[in-house]
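Hello,

Here is the structure I said I would pass on. My notes on it follow below.

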Amino acid sequence: MTAPEPPRPTSPAPGSGTPPAPGSETAEFREYALHDAVHGLRERDPDASASVAFVPWQRNLLIAQVVVFLFFLFVTPLGTLTVVTGICTIAYVLTLGDRLVIFRKGLAADAIIRVGDDEARAIPDEDLPAYTVLVPAYHEPEVIGQLINSVAALDYPRDKLQVLLLLEEDDDVTIEAAAAAGVHGSVTVLLVPESQPRTKPKACNYGLHFATGDIITIYDAEDLPEPLQLRRVAATFARLDDRVACVQAKLAYRNGLQNLLTGWFTVEYGVWFSYLLPGLMRLKAPIPLGGTSNHLRKVVLDDIGAWDPFNVTEDSDLGVRIAANGYTTAVLESTTLEEANSDPINWIRQRSRWYKGYLQTWLVHTRHPARLWRQIGAWPFVRFTLLLAGTPLIACLNMVFWFITIAWILGQPIAIGSIFPPTIYYPALVCLVFGNAATIYMNLVGARETGTPRLLLPCLLVPIYWLLMSIAAIKGVWQLLFRPSYWEKTFHGLDSGAVDDHDTHAPTGGTP
């Protein structure tokens, strides 16, 4: 049930004037801002909100597919398994082929925007746009000191820079840590009223009501953006046309050598942000934004509805909504360093949320598939489906096919061979041999991108990483069915100071 909308505040609402300074707002404005942060998108455009995971026709279609599968599995088990195996193999081939196309496009020199140091510094301070940095944090007292250092390192005029640290009002431990660290000299602490859903996008939506900047970006409290990033973004927006709504900076990890898991994660990010996102940009496909360092024009956020508080990958959802509304995203050669997840359980919590959010986003934007097809085009629609629905579902299927492979090895070649006739067997063999080789090759390129030869071992052992991905994907699909908007907290500060020698500071606009 949609909560009733409170009366409009006497303080100005977003887009209607100067927002109130945190601490000076009226109780009425706080009530309105919170209501809009939670319910605004689904009240203005219910079909764009993930507050309902499955609309009726999607739920009914899913149930019908399960019933039909079980019926034919009972009537003709071998034929049914053969058809399903064929469909899965086609999905593998299409996904692999498309991923290679995207990667190849991302190899081009012009696939990513570059702004040199001199060009970034040459912009007079008075010509720079006002900037708001949103920093949502929850139960993260250990990274508050890092936040102060990161803000101090930003090369941007202080009279045009607003940094809002968004803390839940009942998060006493982080509030006390912020007060003890003296953040008020460079950061404004904004307390978000307690409410459900307790998600990062809800906090960002609330902070947006207090934002004074023309450009909005999000950093996590432990992030290390390179000092000239905001200036590079301002130069990029000035260089490109008004249809560019977002500039996505690259993300990398500062502790890639801490253990094998962080090595896998670092290589994966090297491929994703250096080649796949730029490739998607060149192909004019929707770009699933990163969780931080996406720099957005506030006027566009006001136009398309900002973040969905019920979507657990609100960044990916916003990237698709940007494309569906006729805007574009550019990828910038500027890096923000983050902390790679070094604990397997913590990593699975985070990755299962990502996979669940990918499926949430795909379900939301395919509620009217014909309309989305017209809005973004045929091939971008197919690519969007292969990426957001295909990535988690294929990760789930991997577990099934690994069990099939184990059964074949353990002495059931005839039974397994019967569901792999030649028309299915040879494409599957291509995926097994060529697909794995191609994936390892892309990872090697990603390792080279980080400038760390010691990441060679994670590249060669990446099949173990795929097992973790499969576990996370299965968990994400399960949660989509039963806890779709539940946000599993990712714990930070686990690197214990494990910073790679070459990553002790954020790189500049060149290749990291």
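**Overall fold**

The chain contains 19 helices and eight strands; helices (H or I, at least four residues) and strands (E, at least two) are DSSP runs, numbered from the N terminus. Its radius of gyration is 23 Å, close to the 24 Å that the globule rule gives for 512 residues, so the chain is as compact as a globular protein of that length. That radius is taken over C-alpha atoms, and the rule is 2.2 Å times the number of residues to the power 0.38. Along its principal axes, the C-alpha trace spans about 75 × 55 × 45 Å.

Please note that this is a predicted model, in which local features need pLDDT of at least 70 and side-chain atom pairs count only at pLDDT 80 or more, while totals for chains, interfaces and linings use all residues. Residues are numbered from 1 along each chain as its sequence is written, and side-chain values use heavy atoms, with hydrogens and water left out.

**Burial and contacts**

Contact means heavy atoms within 4.5 Å. Among contacts between residues at least 6 apart in sequence, 83% join residues at least 24 apart.

**Nonpolar cores**

A nonpolar core is a set of buried Ala, Val, Leu, Ile, Met, Phe, Trp, Tyr and Cys residues joined through side-chain atoms within 4.5 Å. The largest one has 116 residues, and Leu165, Trp307, Ile322, Trp347 and Tyr465 have the most contacts inside it. Helix H9 (residues 260–282) supplies the largest share of this core, 12 residues. Another core, of 10 residues, lies apart from it and includes Cys88, Phe401, Ile404 and Ile419.

Leaving aside residues up to four places away in sequence, Leu165 touches Val135, Ala137, Ile144, Leu147, Ala178, Val187, Thr188, Val189 and Leu190.

Helix H8 (residues 229–239) is mostly covered, with nine of its 11 residues buried. Among the buried residues of H8 are Arg231, Arg232 and Phe237.

In helix H11 (residues 314–324), 11 of the 11 residues are buried. They include the charged residues Glu314, Asp315, Asp317 and Arg321, as well as Ile322, which is also listed among the residues with the most contacts inside the largest core. Just after H11, Gly326 takes a positive phi of about 90 degrees.

Regards

Methods:
Buried < 20%, exposed > 50% of the residue type's maximum accessible area, 1.4 Å probe, protein only.
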